[in-house]
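Welcome! Take a moment to turn the model around on your screen before reading on. The notes below will walk you through it topic by topic.

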Amino acid sequence: MCGIVGYVGNKSVTPLLIEGLKRLEYRGYDSAGIAVVNDHGMRVSRSVGRVSVLESNVMPTDGGNGVEPFDGCLGIAHTRWATHGEPSEANAHPHTCQTRCGNTVAVVHNGIIENYATLRQYLTKKGYHFTSETDTEVLAVLIAELYEGDLESAVQTALREVRGAYAIAVVCNREPHTLVCARKGSPLLIGLADKSYVVASDASAIIEHTTQAITLDDYQVAKLCAGMEDKTTADGGPWSVDFKTTTIDNLPVTHEVRELEIGLEQIELGDYPHYMLKEIMEQPESIRNCLRGRIDQRENRVVLGGLGEVSRQLVHAKRFILTGQGTAYHAGLIGEYLIQDLAKTPAHSEYASEFRYRNPLIEENTAIIAISQSGETADTLAALHEAKDRGALALGVVNTAGSTISRETDAGVYLHVGPEIGVASTKAFVGQVVVLTLMTLYLGRRKFLSQEALQSHLAQLERLPQHIATVLEQSDHIRGCVERWVDRDNWLFLGRGYNYPVALEGALKLKEISYIHAEGMPAAEMKHGPIALIDDGMPVVFIATQGSQYDKVMSNIEEVKARGGTIIAVATQGDREIHRYADSVFEVPDVPEALQPLVTVIPLQLVAYHAAVLRGLDVDKPRNLAKSVTVE
Ligand code: M6R
């Protein structure tokens, strides 16, 4: 989704902002822009397409046809993912407004200003002309209209008029050493670096400069200033940096500085060609990190510090609602099966976007589990608010530390799988299912689960990193098989029980990065309509591991085979029978049914990855997609 970077300090800002935008590219965008301010004024550039296009405009290497590189120590930059208005130069950020008295204000914005039409009408009557179709330009004009020599105050006043969600960074030609930023409902961090501040919507654009950061809360405004203490000193003289945080009503706020929990190497590609492959291949390690310290073998218990304060409420919970979007929703579906099966407590999973708007029934002693890699997904956040307002205990299963969902829940468990850069969620899915399994065992043991059953599940979980590594060894084999059917435009993914959500996940992975149409469903459902689709050679992926429904799945395989479909099976190691029916087999270790999704999903991640690469697609930047969807 859209990305913000801002900088004020003692370094040349343009290369810093361009580098920051590149770090945010993975989030998905269609245009980019930059505004740089110095003592002589403000320069703005915007372009459609990749950040490299913008880079060549503002940092020309070929003499630039007479265009001077942008120069200054204060600036803001943005990658835009179109919401209001098509991807175009005019709609790209920063949006600017120049008033009659020569004040120029520039704004970059993530989120949506809901009352922008009313504000636009008001400002049009005042004589302002708009050059874009965006809601953000309205905010730039409003701030410029309210500017009376104090940018911070103009921003505060403007934001009091605004309804909707925003993370903004604002600069003004009259204050060449000041950057003002604010947030409501969309994340914004301020990195405290040496003699400078870096503002960004995502930690990945900050950690190159510092690991010390402040997370702004809703309705907070920060004023960041940097400059030479004594203007008469030569270049490199003493710099003063200063910042303060207030609310939009100008009440002072005490900010808390925290350590960002990610390392630069975690967001760099290393020797891998794509982040998605890196994140798939690193799963043994990331899942080891996710499990670390959470299984106490000697005491035979699950240790989840994040749930300590609510453990009694958990035991008394009569119902669990698991919610999320996309891959996180699929993890929630597995969580539903786990909680009902092992903790014997009613549970149901639901798309957050549906839950939020259907007047949901929240009975006494209900807990909602919001599942999200980013912790910023707008639909999931809205569902969480709805459930909290109706009295539910709010729990989070989140990867990004300090994210909005993690801060708005009563308790929760972090995934600890490291930052996920690839748009296709892989290691986060496995991390989510691991955490939901641990939560279920934690709860189950306090209810009906025997010591023996707990011990056996924990032992299997301990072996999970090794199991995943075994499956990953088949990557070349999987690529070879995918090569045979990669030109087919329609695929089916079928599974039963715990592997039904895995079928959904396999189909989502394939469609989002390879643009192959794929559907996932319960294997039995196929006979109720979709079987009509099966024609000669149509690839049908079955998750056909050993378990209570193995025979039923085998019958479904025969039904597809009889109609000429191609059978690709994910099967348990050592299953000879399956080879008689399947055109390709990907083997997974033999684990109890409740833990099977943790291994059966791995070959499907690789199927999607290899299909996209074989089709020549940009795996890490699939068309139209954003990593974190912060609009409903
Ligand atoms: O950050 P979240 O986990 O809340 O994101 C939810 C979905 O947007 C996300 O899982 C999406 O479906 C992925 N692109 C799937 O690979």
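A polar contact is a pair of N or O atoms within 3.5 Å. Keep that cut-off in mind for the ligand, where a polar side-chain atom of Ser-372 lies 2.6 Å from an oxygen atom of the ligand. Please remember, too, that this is a predicted model.

**How the chain is divided**

- The protein chain falls into domain 1 (6-264), domain 2 (270-464) and domain 3 (474-619).
- Taken over C-alpha atoms, the centres of domain 1 and domain 3 are 46 Å apart.

**Around the ligand**

- There are 14 residues around the ligand, and those that come nearest are Ser-372, Gln-373, Ser-374, Thr-377 and Glu-512.
- Thr-377 has a side-chain N or O atom 2.4 Å from an oxygen atom of the ligand.
- For Glu-512, a side-chain N or O atom is likewise found 2.4 Å from an oxygen atom of the ligand.
- On its own the ligand has 410 Å² of accessible area, and the protein covers 91% of that.
- By residue type, the shell around the ligand holds four nonpolar, eight polar and two charged residues.
- Why does the ligand lie between domain 2 (270-464) and domain 3 (474-619)? It does so because both of these domains give residues to the shell around it.

**The largest pocket**

- What is the volume of the largest pocket? It is about 590 Å³.
- The lining of this pocket is made of 35 residues, and Ala-203, Ile-262, Asn-399, Thr-400 and Ala-401 lie nearest the pocket's centre.
- Sorted by type, the lining of the largest pocket has 13 nonpolar, 13 polar and nine charged residues.
- Domain 1 (6-264) and domain 2 (270-464) each supply at least three residues to the lining of the largest pocket.

**Two spots in the backbone**

- Most residues other than glycine have a negative phi, and most peptide bonds are trans.
- Against that background, look at the peptide bond from His-93 to Pro-94, which is cis, with omega near 0°.
- You can find Pro-94 in the loop between β4 (74-80) and β5 (95-98).
- Lys-195, a residue other than glycine, has a positive phi, near 55°.
- To locate Lys-195, go to the loop between β9 (189-193) and β10 (196-200).

Notes: Residues are numbered from 1 along each chain as its sequence is written. This is a predicted model: local features need pLDDT of at least 70, side-chain atom pairs count only at pLDDT 80 or more; totals for chains, interfaces and linings use all residues. Side-chain values use heavy atoms; hydrogens and water are left out. A residue is near a molecule or strand if one of its heavy atoms lies within 4 Å of it. A polar contact is a pair of N or O atoms within 3.5 Å; within protein, one must be able to donate a hydrogen and the other to accept it, and residues adjacent in sequence count only if both atoms are side-chain atoms. Accessible areas come from the Shrake-Rupley method with a 1.4 Å probe; for residues, only the protein chains shown count as cover. Ala, Val, Leu, Ile, Met, Phe, Trp, Tyr, Cys and Pro count as nonpolar, Asp, Glu, Lys and Arg as charged, and the others, Gly among them, as polar. Domain bounds come from an automatic or database domain assignment. On a 1 Å grid over the protein atoms alone, a cavity is a set of points where a 1.4 Å probe fits but cannot get out, and a pocket is an open set with protein on both sides within 12 Å along at least five of seven lines; lining residues have an atom within 4 Å of a point. Grid points are joined across faces, edges and corners, and a volume is the space filled by probe spheres set on the points. Helices (H or I, at least four residues) and strands (E, at least two) are DSSP runs, numbered from the N terminus.
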